[in-house]
Every structure is written in C-alpha cells, then in structure tokens.
Amino acid sequence: MLTALLAMAGLTLFLGLVLGFAAIKFKVEESPLVQKIDAILPQTQCGQCGFPGCKPYATAIAAGEADINQCPPGGEEGIQRLSELLGVEPKPLNAEHGVTKPKSVAVIDENICIGCTLCIQACPVDAILGAAKHMHTVIEAECTGCELCIPPCPVDCISMKPLQEDITTWKWKYPMYAIKHF
Amino acid sequence: MRKLFDFHGGVHPAQHKAESATLPIATAPLPTRLIVPMHQHIGNRAKPIVSVGERVLKGQMIGQADGYISCAVHAPTSGTVSAIEMATVPHPSGLPDLCIRIEPDGEEQWVERTPLDYTTMNPSELRNRLRDLGLAGMGGAVFPSHAKLNPGRRANVPTLILNGAECEPWITCDDLLMRERADQIVAGGKIMQHMLGASEVLIGIEDNKPEAIQAMRAACAGTDFEVIVAPTKYPSGGAKQLTKILTGKEPPAGGRSTEIGVQVFNVATVYTLARAVLHGEPVISRVITVTGNVERPHNFEALIGTPVRELVALAGTPRADTQGYIMGGPMMGFNLPSDQAPLIKATNCLIATSPKLFPAPPPALPCIRCTLCAQACPVDLQPQELYWFSRAKEFGKAQEYDLFDCIECGCCDYVCPSNIPLVQYYRFAKSEIWAREREKDKADVARDRHEFRDYRIEREKKERADKLAAKTQGPKTPAPGQPAADSKQAAIQAAIDRAKLKRAGVEPKNVADLPPEKLQEIREIEARRAQLKQAMEKPSDTL
C-alpha cells in the first residue's frame, strides 16, 4: 500500500518537474495573428474600414473588436481568406464601408495643381512628390489607390485612373469551352 | 555507341514535316515596313534609343537592354524611324506593346560590324556584348542567352547540349538550318564550349531528320562534338527531356539544368551566336517555317519585324478558308491575334489554320479519372490533380503538386479522351499565382512606406517639440564653467555689454598701415559723427 502511494507520489513529482521544465524550455511565442491578418489585408491604407490603416484594423480583428467584412479593397477574396485564417464563416462585404472598385491610381492634373501640398500630407504611403507652390505628381508605382488625396485638394485636380492591363500584367482567363450535354 | 535514356510519357502526333522540308531556305524580300517590338525576350523590355524621323542603319541598336535579364533590339534594315508607338505584337493576349516602326530605304546599308575575339576577351565583357547584340533563345522561350552562358559559381558547365530535336509537328526551320548551315552551328558550339568551359558537346537530333544528321556529322568531323540521334517522340526537344535522353540526368523539381552541370541551347540560337561573334552581326533575322493551309509551305530567312501578312503571302496567295495563324507549333503555339503582328525572335513557325486541318475540338466531357494524362506527362506530374486544383482555384494545392514544373507541352490535352483543355487550366493557374505574387510584393512595399511615414511623422513631431523646448529654455549649452541657472543672467549681462559697446561708438578698424593724412581725415569724420550723435540724443534726453 505504502509502496504504491510512494511510487505514485514519486511519479507525480517527476512528471510535474518534466512538464514544468518543458513549459519553460520549449515555450512557444504567442502566435503572431496580427501579422498574419495584416499579410492578407491589401495595404491600401485607405481607412475605409474605420481604422487609421491596415495594421490597426488587423489588430482590431485579432482582438475581436472588428468584423472581417470591412475592407472594400480586399473584396470578397480578402474576406474569404480572412475567414479561412480565423476559422469563421465568410460574410458579404459590409456596404457601410464602401464597395470594391477596380484597382486604380491617382493622377494629378498638372495644369490645375496650385502646389498647396495638402495631398502630400494626406498620402499614407508618401507617393506624391512636390513642394509648396510647385506642381505635384503621383509616383504611379507607389500609389495604392486609397483616394485619400482627393478630398483635401482645393482645386479638384486629382482623379482616379483604373489600371490598364498590359502584356506583362495580362492573365490567362479561366477556361471557357463547350461541354457536351446528354 | 552511346547509351540513350528515355523520358516518361510523351506522345506521337502526326508530324506534317515533309510539307515544308523539301525546299531550301529562301530569303524573304524586304517588306514594305518593319514593326520591331521592344519586348521580344523574357525579362525587362528594351528602352528605345532612337527618335522619330531618325535614319537608322541595318544592325544599328534601336532598343537598349534594361537590366541583366533583358537584351537589345536592332534595326533589321536601313531606313527611317517613322513611329515609336503601341502596336499589335504576337502575344496570346492581343494587347499592344511598344514597337518601333521603320520605313526601309531599300539600301540595306550596314552599321560597322566588328567580330569579337572571344578567346582573349574578358568573359563578363563578352557576355555584355552578346546582350548588346540581342542574343536570346530562338527555340521559343527567348531567354537572354548571355545569362545562360554564365557558368556562375561553378567554374564550368561540363556538358553542353545543342538542341536540334525539333519535336513539334509542322516545324522544320531547325532541320533546314542544320542541313544548310551546319558549319556555322558547329562554330557557334565551339564559342559556347569556350564560354562555359564544357568538356563534352552533344548535339541531339530526332531520327526523322536524316539529312540534318548527315550534315551535322560532316561538319563535326575533326571536332570532339558528338551528334546523337534520338528516337522521334514529342516532346524530346524540351530542354529537360533532351537532357534526360542524352545524359540520363534530371534536374531536381523546380531546379535548373545548370544544377546538374548541363546547359542546353537551340541550334538556331547557336547559329545566331556564331553570326554575332564571328561576324559582328546582331540578331535581325531568323529562319521561320511558313506552313499549314498555304500553297507552297516553305522556310524563309526573314527580317525581325516583318508583318505576318507579308510573310505568309510569300508562300502563295492566302486561301479563302484560312481562319488564322498559329505562332509556334500546334502543341505549344497560340493563335495570333492579328496578321498585322510582326515576326519576332521567338517566331519559329507560322501555321495557317483551316477548319479542315485544325477542326474545332469536340465538346468536352467530364473527367473520368482515366489517368491517361498522367501516363503521357513527360515531367511525371499528376495532370488530373492539377486540373482539379486549378479548376477549383486552389492554387496553393496546385503549387504543392509542382504546377510550375509543367512545361505546357500539351501531351495531356492530346491524350485526354474527354477533350478537356487541361493546359489552359494550368496557364490560368500559373498566371493567377504570378498576379498574386505581384500584388503581394506591391502590398509589402506599401506597408513599408506606410510604416516609414508613421515613423517620419513621429520623428518630426519630436524634433519640433525639442526645438520648442530649446527656444523656451534659452541657450541649450551654458558657457563652460558656468552653472546652468546663471546662464540667463549671463545672457542678459552680455546683451547689456554689447549695447554699451555700441553706444560708445565704433572704433576705426584696419588703420595701422594708413598714412598720417588719412588718419587725420578719419579722426575729423569721427568727430563730426560724434557731434551729430550728441545733437540727436539731446532732445530725447530732455523729454
């Protein structure tokens, strides 16, 4: 009887020590969920989700404070991927936050621009080049198409230009062909 | 006798080579205009370096290579640049791309050509010269050749393979080139052997080209080159398939053939290399098969930039039932969007199609999982799985099943009893994956820029705050030896002293070397100034 009790107590102590040691030695860092969510978000930094950028939105989703359907640039595909990552049901895009538009870039009409620098301050990715009282221009390759530069412009010289497909960005289409019916 | 190996799968489609292989290569006459695309190769588009209205000479560089994976483009004949514009190019999308249009003057006046002394030249300089001569793979992939001729970290590439297999049906341009210009191909092979430090050079030719085999054997006499006859099976002309046949070696999945010490070049590329190095000629023309639904199927040596319409007219008046033109072979080629498109470095064959020669495929049936496609796949893939994943847009899964090892040879399409256009699905999946990669790269850049902007705004805020603090607290650094608390007092004292000094009047400076009369004059002026000052200050004192 006593031997059995001692053996059990000894085993408990030993296994407890092993587990305690393993918990310290092989400690797993908390899964970087915010980064994973942020990697799915399109990085437009447009703020249409109601947060000041993609990272804050990702943080809010991870904390359960925001829904996954608030990102119009990400669209249905973005929602799908977020739902897969988080293991929740996908839902349609919340219309309160806007609609998905084709990918575009901002274009400044350089004849109208008065060089007020307001758009430069508004751009979340520093993609507008210019100086006070000098013409501004958008660096097309850096522009995310967030439209944040449009409201501050006092002379309405900024417009959005949808990106055109060229032979380097062209994609093969999903095959469409006749299927035999019985 | 060398032991030959076999690759998995493959098919035996009807060859249709006899039609165009009977007549010798004809030189195409100068076309009425030339449209030279700037993007004829894999990599960055060449940058135009001529302007509209400029006269160019035959062989003059008109587009400069942009970066390492890129190559130059040259004027195919002498004439005037009439436009630099977006025009239809031979591309499955039918989208326009940047082209230089040249109106030939008919004089065919060459630019100065200097042969390269490849044995003494610095290897890196030689490769740069080849890039500037516009050398790219002429077998269809148009990968810039100079990049493939770099042995890289390896001291050398032991095996060089010259690819004369030409396995696609209908095409005979390499066959005719080997028959008629074997000497030049062997000369080009020697240059490549030197550049790569190859110890063996193998020339692989399918056994359906006996005349080419004979001509190449004759040209190789007295060299250590070996002409190897491979059995006819599609796609033995694929670089990795030919490597397997000749050496038994296979590069690892996703790997390059240089990893196993093999480099493969198409014989037409080897020929252009010989022309470039030994004669200083850039790539401005190529041999091309015009066949299919035409009166006289034929091989032409035509200038790059020749409109397809003018080229096919050389093979007889177009027939009424011609529907369009395939560029490349029937297995891997694509339908040209328009016969206005020009000939490019990759155009090895033009096939006029008719409903009789190329009937529309019968309607597709559901996949019955017969796995005939897997038996035919020369890369040992699982085409039916790739089909399911691509169809369901499960691109990650498709990549796990080595989608990017697919060479799009079309064997699976060819054998599919349900007539499913499998390769179309793989192309769709590949281009979707590439598009996602591009989007991801762009998003990463945007994230970095946004984070930097946030950091910059924080930094500027802090700098402003520091400046403000410095201003309100007086001079930042008190004079040495003085406690910080006294600094304010000291500053006030210094200001008072300065004011006193000012009031005392200005002491004349730099007067040491002046003659006495001048000094006297200065003293008088100072006296007058002092009087005036006193007169001005008096009223204020009385107030």
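**Domain arrangement, chain contacts and sheets in the predicted model**

The centres of domain 1 and domain 2 of chain A, taken over C-alpha atoms, are separated by 25 Å. The structure is a predicted model, in which local features need pLDDT of at least 70 and side-chain atom pairs count only at pLDDT 80 or more, whereas totals for chains, interfaces and linings use all residues. Residues are numbered from 1 along each chain as its sequence is written, and chains are lettered from A and ligands numbered from 1 in the order in which they are written. Domain 1 of chain A spans 33-97 and domain 2 spans 101-163, the bounds coming from an automatic or database domain assignment. Six residues of domain 1 of chain A are in contact with seven residues of domain 2 of chain A (contact: C-beta atoms, placed from the backbone, within 7 Å). The side of domain 1 of chain A that touches domain 2 of chain A comprises one nonpolar, five polar and no charged residues (nonpolar: Ala, Val, Leu, Ile, Met, Phe, Trp, Tyr, Cys and Pro; charged: Asp, Glu, Lys and Arg; polar: the others, Gly among them).

Between the chains, 22 residues of chain A are in contact with 23 residues of chain B. On the side of chain A that touches chain B, 11 residues are nonpolar, four are polar and seven are charged.

His136(A) lies in the loop between strand S2 (128-129) and strand S3 (137-138) of chain A (strands: DSSP runs of E, at least two residues; helices: runs of H or I, at least four; both numbered from the N terminus). His136(A) counts as buried because it has 24 C-beta neighbours inside 10 Å (buried: 20 or more other C-beta atoms within 10 Å of its own; exposed: 12 or fewer; partly exposed: in between; C-beta atoms placed from the backbone). Leaving aside neighbours within four places in sequence, the contacts of His136(A) include Cys113(A), Cys119(A) and Leu129(A).

In chain B, six strands form an open sheet of mixed pairing, in the order S1-S14-S13-S17-S15-S16 (pairing: at least two bridges found by DSSP between two strands). Strands S1 (26-27) and S16 (334-335) of chain B stand at the edges with a single partner strand each, so one side of each is left without a neighbour in the sheet. S1(B) runs parallel to strand S14 (residues 298-303) of chain B, to which two bridges join S1(B); Ala26(B) stands opposite Phe300(B) in S14(B).

A further open sheet of chain B has three strands in the order S3-S5-S6, with antiparallel pairing.

Conventions. Contact = placed C-beta atoms within 7 Å.
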